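Hi there,

Here is the structure I promised to pass on to you. Have a look at it first, and my notes on what turned up follow below.

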Amino acid sequence: MSWLDEFDDRLAALDAQALRRRRRAVRPEAGARLNVDDQSLLAFCSNDYLGLANDPALKAAVHAAVEVYGVGAGASPMVSGHSVANAALERELAEAVQLPRALYFYAGYATNASIVPALVGAGDALFSDVLNHACLIDGARLSKAQVQRFAHADLAQLDTLLAASPARRKLVLSDAVFSMDGDVADIPGLLALCERHDALLLLDDAHGFGVLGPQGRGALAAAGITGAAASPRLLYMATLGKALGVAGAFVAGPEVLVEWLLQKARSYTYATAAPALLAEAVRASLRCVLTDEGERRRQQLRARIAQLRDGLAPGADAAVDAAGWALLPSHTAIQPLVIGDNATALAVMARLHEHGLWVPAIRPPTVPAGTARLRIALSAAHRRADVDELLGALRSAARGL
Ligand SMILES: *Cc1c(COP(=O)(O)O)cnc(C)c1O
């Protein structure tokens with residue numbers, strides 16, 4: 001028997017463990033609603049935190065860009081793919097995060113998977129928070145550097161590991177906002193350890209850029225480590241498909257490090273550049289994010305976060321308390337409601353679906369065993385009535401347990 005004949009059994013094994021993933025084809029409707037199989041669902045699963053993915057200003061920017069640039073970039077940025085639009089976007093991204101220089105990539109996954117191996121290699125040392133996103137983990141593996149994982153947000157352990165490492169080149173990897181927990185890294189604390197141990201810090205702010213900090217400039221600006229206070233040992237990475245509502249990513253930081261990444265990050269060099277129409281959409285999105293309209297949307301998002309947290313606070317509902325469900329202590333748009341076991345989390349997701357709501361259940365191995373959760377993602381596109389609807393459905397699901 002050829003090993004190729006085993007794939008049927010391997011898929012069946014996924015089915016047996018309830019780990020087979022299935023996609024749904026969606027079509028956006030007004031507000032935060034998605035049409036799925038001809039059913040209209042109120043969605044709490046999108047990372048479009050500011051409701052920009054369907055914004056008329058972004059669409060208009062795309063229409064205008066298509067007339068000038070056409071559709072595809074045609075080549076790597078190292079050849080002829082680096083359009084005037086992409087170049088302008090890089091300057092505007094650097095200005096937005098108040099760092100010297102930025103490099104624009106076609107996707108966030110590809111950014112981290114290639115910048116980590118461009119920075120360190122065999123004989124070097126990597127230090128990675130256990131809750132980091134898969135693309136940092138994969139970048140670490142590709143680099144062939146020795147990887148040491150530290151417990152989530154455990155700076156004392158990181159300090160010990162850094163002190164004990166004989167490696168000359170040390171790189172610390174951390175999400176800025178953790179994607180399944182919604183908490184924010186202690187960025188000044190991480191940076192202080194990097195300074196003490198001559199390490200470089202790479203921060204992934206996929207979930208903070210556009211939302212956190214003054215004018216949505218991100219978690220680094222929120223921590224006050226930009227502009228004149230920018231550090232020569234910090235690289236900041238963020239994605240453009242979440243709060244910015246488009247696609248792609250960028251890395252920003254000291255001129256010399258960004259120039260090195262331009263030379264050596266393989267997903268930059270050996271991939272077709274992001275189309276100019278996307279760069280123009282991101283530029284339109286940035287104009288919104290950095291101005292009053294962005295501020296209005298961030299206020300709307302903060303109001304929905306407060307509304308949800310009040311509605312699920314201990315004492316707010318007896319059935320939710322009795323079920324033992326608890327929100328993690330997050331103040332970001334990611335509001336995880338920990339349910340506990342996998343079957344209950346799936347059952348609650350199914351009950352919400354019957355109410356016309358789409359809230360994803362996240363199970364191990366994506367999160368630690370026993371902490372299966374609903375990952376409630378809030379957006380400025382949600383109305384007060386939308387969150388009330390979610391709270392009502394959750395309370396009814398808790399009573400039905
Ligand atoms: C979504 C995400 C990425 C990947 O970005 P894409 O542009 O979607 O490829 C990277 N890091 C984190 C923390 C993310 O949540």
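**Notes on the model**

Asp-38 has a relative accessibility of 75% and so counts as exposed. Please keep in mind that this is a predicted model. Asp-38 sits in the loop between β2 (33-36) and β3, and its phi is near 65°, a positive value in a residue that is not glycine. Gln-98 also has a positive phi, near 55°, and is likewise a residue other than glycine. You will find Gln-98 in the loop between α3 (84-97) and β4. With a relative accessible area of 31%, Gln-98 is partly exposed. For background, most residues other than glycine have a negative phi, and most peptide bonds are trans. On the peptide side, there is a cis bond between Pro-364 and Pro-365, with omega at about 10°. Pro-365 belongs to the loop between β14 (361-362) and β15 (372-377).

**The ligand**

Which residues are around the ligand? They are Ala-107, Gly-108, Tyr-109, His-133, Cys-135, Asp-175, Asp-204, Ala-206, His-207, Thr-239, Lys-242 and Gly-248. Sorted by class, this shell holds four nonpolar, five polar and three charged residues.

- Asp-204 has a side-chain N or O atom 2.6 Å from a nitrogen atom of the ligand.
- Lys-242 has a side-chain N or O atom 2.6 Å from an oxygen atom of the ligand.

As for the surface, the ligand taken alone exposes 390 Å², and the protein buries 81% of that.

Is strand β10 (residues 249-253) buried or exposed? Five of its five residues are buried, so β10 is largely enclosed by the rest of the structure. Ala-249, Val-251 and Gly-253 point one way from the strand, while Phe-250 and Ala-252 point the other way, and all of them are buried.

β10 has an antiparallel pairing with strand β4 (residues 101-105), made over five bridges. Here Leu-103 stands opposite Val-251 of β10. Strand β9 (residues 234-239) pairs with β10 too, again in the antiparallel sense, over four bridges. In that pairing, Thr-239 has Ala-249 of β10 as its bridge partner.

**Other strand pairings**

In general, the strands of a sheet pair through backbone hydrogen bonds, either parallel or antiparallel. A parallel case is strand β5 (residues 125-129) with strand β6 (residues 146-150), joined over five bridges. Within this pair, Asp-129 stands opposite Phe-150 in β6. Together with helix α5 (residues 134-143), β5 and β6 make a right-handed β-α-β unit.

There is also an open sheet of four strands, in the order β1-β2-β3-β13, with mixed pairing. Its edge strands are β1 (26-28) and β13 (357-358), each of which pairs on one side only. Strand β3 (residues 39-43) and β13 run parallel and are joined by two bridges. Ala-43 has Trp-358 as its bridge partner in β13.

**From β3 into α2**

Asp-55 is found in the loop between β3 and α2 (56-69). Asp-55 has a relative accessible area of 12% and is buried, because the cut-off for that is under 20%. A polar atom of the Asp-55 side chain lies 2.9 Å from the backbone nitrogen of Ala-57.

Leu-58 is part of helix α2. At 5% relative accessibility, Leu-58 counts as buried. Leu-58 and Ala-96 are 38 residues apart along the chain, and their C-alpha atoms are separated by 18 Å.

That covers my notes. Enjoy exploring the model, and do write back with any questions.

Best wishes

Note on methods
Residues numbered from 1 in each chain as written. Predicted model: local features only at pLDDT ≥ 70, side-chain atom pairs only at ≥ 80, totals over all residues. Heavy atoms only, no water. Near = heavy atom within 4 Å. Polar contact = N/O pair within 3.5 Å; in protein donor to acceptor, adjacent residues only side chain to side chain. Areas by Shrake-Rupley, 256 points an atom, 1.4 Å probe, with all protein chains shown as cover. Nonpolar A, V, L, I, M, F, W, Y, C, P; charged D, E, K, R; others polar. Pairing = 2+ DSSP bridges. Right-handed = clockwise from strand over helix to strand, strands pointing away. Buried < 20%, exposed > 50% of the residue type's maximum accessible area, 1.4 Å probe, protein only.
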